[in-house]
Amino acid sequence: MMYDLKEKIVLISGGASGIGFSCAKEILRAGARAVAIADINEANGKAAAEQLIKEFGTEKVLFVKTDVTNKSHFEEAFKRTLEKWKNIDVLINNAGTFNDSQYELEIAVNATSVVHGTLLGLQYIGKDKGGKGGVIVNIASQFGVDGDTSFPIYSATKSFVIGLSRSVGTPYYYDRTGVKIVTVCPGLTNTPLTHHSSLTETKFLFPDLRQRFMDRSKSVINQPTESVALGVITSITNGENGSVWIAEDNEHYEIDLPNRKALRK
Ligand SMILES: NC(=O)c1ccc[n+]([C@@H]2O[C@H](COP(=O)([O-])OP(=O)(O)OC[C@H]3O[C@@H](n4cnc5c(N)ncnc54)[C@H](O)[C@@H]3O)[C@@H](O)[C@H]2O)c1
């Protein structure tokens with residue numbers, strides 16, 4: 001199920017910063033026709049678009065200020081992208097937050113908006129609804145597979161993303177829509193999300209959980225965003241429908257999540 005990104009139109013939520021921004025850049029470098037960035041941060045969104053326009057040209061970039069937790073707002077980003085380029089081929093549900101002390105917002109951004117995005121993606125990309133078929137990438141986290149003591153709620157939102165993507169990434173949906181769904185689970189990546197300044201603002205369930213996270217982070221590679229972006233591209237081009245990938249320590253590989261019966265103790 002090889003997929004060619006050349007000349008494709010790609011919509012990226014949270015593309016104004018970090019992993020999403022790197023995805024925008026690497027995807028344009030890989031020959032996509034255009035990238036639309038849907039992000040709530042207007043200043044960063046405009047700066048990101050300016051930077052991409054400088055490198056790739058005006059006709060290849062669009063920024064739409066979007067709050068992805070609001071479905072009709074998110075849909076506006078799809079509509080604006082369609083208006084400009086008449087088609088959407090790939091959606092990357094990447095917007096995320098990392099703060100268990102604001103867990104309602106965290107669940108809204110990391111889980112609910114991925115549902116909005118996945119449903120809208122099927123609707124706008126699906127060949128059953130007038131699209132050409134394509135790919136949805138949902139960005140989860142390594143914590144969504146392993147869980148994490150310092151960030152239990154964040155980890156649960158990411159397990160949700162894996163569960164949703166594996167359930168919709170099944171032949172039933174693909175046969176109707178022609179939309180392949182893949183999940184990418186990054187490990188620690190050098191972005192504002194995990195900077196120490198953001199973590200000092202976060203209230204943890206117990207205060208020593210911050211130190212626990214910091215200590216753990218010291219022993220793992222804080223990979224650059226480009227490594228994840230290149231992994232995302234590989235998952236788009238080579239990934240099977242429903243596949244789950246880890247992008248950690250500058251490596252990118254698919255994992256097999258076994259059937260429950262194989263897990264029986
Ligand atoms: N950085 C890491 O170590 C790491 C590890 C695993 C997974 N991830 C995941 O990668 C994704 C990208 O994170 P990042 O590290 O690049 O962080 P980042 O903070 O650099 O980027 C996240 C972007 O999402 C946007 N956003 C937040 N709420 C939004 C909303 N309601 N509507 C629209 N946009 C919104 C932010 O404005 C920001 O531009 C997230 O889903 C995150 O959970 C990151």
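How far does a polar side-chain atom of S17 lie from an oxygen atom of the ligand, and what else is around that spot? In this predicted model, the gap from the S17 side chain to that ligand oxygen is 2.5 Å.

In D39, an N or O atom of the side chain is 2.6 Å from an oxygen atom of the ligand. Taken together, the protein covers 92% of the 830 Å² of accessible area that the ligand has on its own.

The ligand sits in the largest pocket, and two elements, α1 (18-29) and α6 (152-168), each give two or more residues to the shell around it. There are 28 residues around the ligand, and the ones that come nearest are S17, I19, D39, Y154 and T191. If you sort the shell by class, you get twelve nonpolar, 13 polar and three charged residues.

While you're looking at α1, follow that helix along to E26 and R29. These two form a salt bridge, with their closest N and O atoms 3.2 Å apart. Why are they about one helical turn from each other? Because they are three residues apart in helix α1. In general, side chains of opposite charge can pair when their charged atoms come close. The E26 and R29 pair is one of five salt bridges that the structure holds.

Methods. Residues numbered from 1 in each chain as written. Predicted model: local features only at pLDDT ≥ 70, side-chain atom pairs only at ≥ 80, totals over all residues. Heavy atoms only, no water. Near = heavy atom within 4 Å. Polar contact = N/O pair within 3.5 Å; in protein donor to acceptor, adjacent residues only side chain to side chain. Areas by Shrake-Rupley, 256 points an atom, 1.4 Å probe, with all protein chains shown as cover. 1 Å grid on protein atoms, 1.4 Å probe; cavity = no way out; pocket = protein on both sides within 12 Å on 5 of 7 lines; lining within 4 Å. Sits in = over half its atoms within 2 Å of the grid points. Helix = DSSP H or I, 4+ residues; strand = E, 2+ residues; numbered from the N terminus. Nonpolar A, V, L, I, M, F, W, Y, C, P; charged D, E, K, R; others polar. Salt bridge = Lys/Arg side-chain N within 4 Å of Asp/Glu carboxyl O.
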